Amino acid sequence: MKKYLSFFRLRFAMGLQYRAAALAGVATQFAWGFMEIMIFRAFYRADPASFPMSFSATVSYLWLQQAFLALFAAWMMENEIFDSIVDGNIAYELCRPVDLYNMWFSRSIATRLSRAVLRCFPILIVAAFLPKPYGITPPASPGHFLLFLVTMILGLLMTVSLCELIYILAFFTISPAGLRLMFDSAADFFAGALIPLPFFPEKMRQVMELLPFASMQNVPLRIYGGSMTGYEMQKAVFLQVFWLAAITFTGKVLCLLAQRRVTVQGG
Amino acid sequence: MITMEHVCKSYKIAKRNAGFGEAVKALFHREYEIIHALNDVSFTIEDGEMVGYIGPNGAGKSSTIKILSGILTPDHGTVLVNGRIPYKNRTRHVSEIGVVFGQRSQLWWDVPVIDSFELLKDIYSIPEPLYRQSLEELTELLNLTELLRSPARQLSLGQRMRCEIAASLLHRPRILFLDEPTIGLDAVSKLAVRDFILKENQSHGTTVILTTHDMQDIEALASRIILIGKGKILMDGTLDDIRRGGDNIDETVAELYRAYDI
């Protein structure tokens, strides 16, 4: 366990040293957040009653999404892992007494956390002071906030375990580019990263909410704004735990298979 | 002790001729060629030996190292290293070996070298006093004092290679695999690395298996030489065995390659 903690520590410390990247990230997230809010504003003006979430709940969803982008963005994968598989540097990782899956897991979590820590505060603070209804509103209740934190952790673990699948599949495909492209688009769409899931047509939404992608940002961000009923929240948390266990298990099995048939590329 | 018996390993490689027409044709019909990287390889290496493993490019040297270090699984044959099957019990096996791939880097690029070392300490669960002792000894022998606090990306190749070797020895492995450790190094760095490997073998009894194209490495280090070509062991002997004509070892080896038609 200690070795994985060390990976986490080193990676986390490393992530904190990229200050310019964090600044650029904050600027991008602000611009993106404002743009999305303006678009939704235009729609809400037409007929606020026809939307599944109140405007202020949608705004909170968007700001939280931007603030914690690094925790949930499926496309933020570890390029170094892909590089090491493609160019064969993975050889070094394989001749160490570590479990590849767990090592990648701790690394990914550290990278995402370090990025989020640097980026979330400026966004949250500014968004909290924005005039109504463009700013972030306080959570629906202390209970909601607590559940928001718990589901956020589950969502982060879920995101990382889905990314692990892509890392491992790269062992089988020579180049991971195609896989990544497909996964990135699918994940963004089905996770509610482009449009929050409640905005989808009823039938479609019911299916989408069952998929593993819905267990990433969809659950915590909606719980925060109080747009889920008690029963819905129970179901969502149950699904998160279920998918986390299922995807992690699949990843571990695939990882063992991959190591058995691995060929190290490039001499 | 290391034993390999009748080990075979083959790779499947997609091949096609040059040109656009051929590329389109390959969309519908792929031609594969099976490359036999290792073809019935057997040898035994005793504890504390220093073995030079030589052969032309593509002879199967790196494949052998990768099988012995537990990264690759052979198609056939049995491999035993210290009584363990490397690829069956990978994590136990690798804690007793050290590997240096001359063409790759194991140091973390963006952090000081010492951070990479500290991480390795935790990865191999090296007890603190042992780690201090190893680090002190390696720092002195490889002259690393100035280098430890710089990020790996800002070291020259020779400096980095010294750090890489130290990184592979921190946990005091009983067996050390060196895959072209002197590639691209200048004369001074080469001598330093050779000198160090020799000392390491004498003082700690580390078994060293070394692949290289630099015949001076072999002359300086290896008491025993295994020659591999086209996936087969062609010769297993001492330096004198291959030094049939002239003193120039490069020519002698080239002669040898020609004689075996590899």
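Among contacts in chain B between residues at least 6 apart in sequence, those that join residues at least 24 apart make up 71%; two residues are in contact if their C-beta atoms, placed from the backbone, lie within 7 Å. The model is predicted, so local features need pLDDT of at least 70 and side-chain atom pairs count only at pLDDT 80 or more, while totals for chains, interfaces and linings use all residues. Residues are numbered from 1 along each chain as its sequence is written, and chains are lettered from A and ligands numbered from 1 in the order in which they are written.

Chain B has 10 helices and nine strands, where helices (H or I, at least four residues) and strands (E, at least two) are DSSP runs numbered from the N terminus. Its radius of gyration is 20 Å, close to the 18 Å that the globule rule gives for 262 residues, so chain B is as compact as a globular protein of that length. The radius is taken over C-alpha atoms, and the rule is 2.2 Å times the number of residues to the power 0.38. Along the principal axes, the C-alpha trace of chain B spans about 60 × 50 × 40 Å.

Of the 262 residues of chain B, 40% count as buried. A residue is buried if 20 or more other C-beta atoms lie within 10 Å of its own, exposed if 12 or fewer, and partly exposed in between, with C-beta atoms placed from the backbone. In helix α2 (residues 61–68) of chain B, eight of the eight residues are buried, so the helix is largely enclosed by the rest of the structure. Among them are B:K61, B:K66 and B:L68. Just after α2(B), B:G70 takes a positive phi of about 85°.

B:I262 lies in the segment after α10 (249–259) of chain B. With 17 other C-beta atoms within 10 Å, B:I262 is partly exposed. Leaving out residues up to four places away in sequence, B:I262 touches B:P56, B:A59, B:G229, B:K230 and B:Y257.

In chain A, the axes of helix α8 (residues 142–173) and helix α11 (residues 218–225) come within 8 Å and cross at roughly 170°. Axes are lines fitted to C-alpha atoms, for helices over the stretch in contact, and angles run from 0 to 180 degrees between N-to-C directions. That makes α8(A) roughly antiparallel to α11(A), the term for angles over 145 degrees. Residues making the contact include A:L147 and A:F148 of α8(A) and A:I223 of α11(A).

Terms used. Angles under 35 degrees count as roughly parallel, over 145 as roughly antiparallel, 65 to 115 as roughly perpendicular and the rest as oblique.
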